[in-house]
Amino acid sequence: MELRENERIDDLQCGGYRILQNTKKFCFGMDAVLLSDFAKVRPGARVLDLGTGTGVIPILMAAKTQAGHFTGLEIQAEMAKMARRSVALNGLEQKIDIVEADLKEASKQFGGASFDVVTCNPPYMENCHGLKNPEDAKAIARHEVLCRLEDIVRESSAVLKSGGHFYMVYRPRRLAEAIRLMTGYRIEPKRMRLVHPYAQSEANMVLIEGSRGGGRQLRVERPLIVYREPGVYTEEIYEIYAWKQETKESGRRPKS
């Protein structure tokens, strides 16, 4: 595949799949990888990834699950094109569709109760005042420029089938808001896991699962620790990235 300016191809180290990234735009981080591992998908399920960006979550989940089909929804034309090229690079055109549209209109785009699973790695910074370029891909990915958390939860609820599952990676400081919105739109929180950089550190990410119309019972899993010591990941992180033993011993690190 011909690379364009500032583009590179990264090995996802999962199923032999690779992904295109633009170093001047937005490159995926560990949060996307952790979400793709946290999400549970039944064989044959239809999955929607809201704000798919580079398409990394559908591609990783295509390697890790037996889902029937994935749809990645992305509003930025350039990012959607790059995601489609990554899908083609991996020969996944029959498995993954990338749709260029506004996630605030997801239920109009796809219809109600049309997916078994929705995943999302949303922008988590509320205040976008003072941004030098609000249309920059990095700003859109990190700040609530084009959508709010309520838009994501509302549309997820609308497109999920009854009993369908919603998965999101977010920031703990906004966890109360996320839970309030989920329950308000009939997505009952069912499972949660806090992610800590070190065992002694405060959590900086939270993985949360909700069920459309589910009962009131939330299970909090044991914390996920990223680093055993500076520069050395824990065994679980290496397992999530599916790195081989010789890779760990070489001192190479997962992309984060």
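**A tour of the predicted model**

In this protein, 67% of the contacts with a separation of 6 or more join residues 24 or more positions apart, a contact being heavy atoms within 4.5 Å. This is a predicted model, in which local features need pLDDT of at least 70, side-chain atom pairs count only at pLDDT 80 or more, and totals for chains, interfaces and linings use all residues. Residues are numbered from 1 along each chain as its sequence is written, and side-chain values use heavy atoms, with hydrogens and water left out.

Start with the whole chain, coloured by secondary structure. There are nine helices and 13 strands; these are DSSP runs (H or I, at least four residues, for helices; E, at least two, for strands), numbered from the N terminus. Of the 256 residues, 50% are buried, that is, under 20% relative accessible area with a 1.4 Å probe, protein chains only.

Next, select Leu 12, Leu 34, Val 56, Ile 96 and Ile 237. These have the most contacts inside the largest nonpolar core, which has 43 residues. Such a core is a set of buried Ala, Val, Leu, Ile, Met, Phe, Trp, Tyr and Cys residues joined through side-chain atoms within 4.5 Å. Elements giving it two or more residues include helix H1 (30–38), helix H3 (77–89) and strand E5 (96–100).

Now centre on Ile 96. Leaving aside neighbours within four places in sequence, Ile 96 touches Pro 58, Ile 59, Ala 62, His 69, Phe 70 and Val 87.

Finally, select Leu 149, Val 153, Met 168 and Leu 175. They are among the 27 residues of another core, apart from the largest one.
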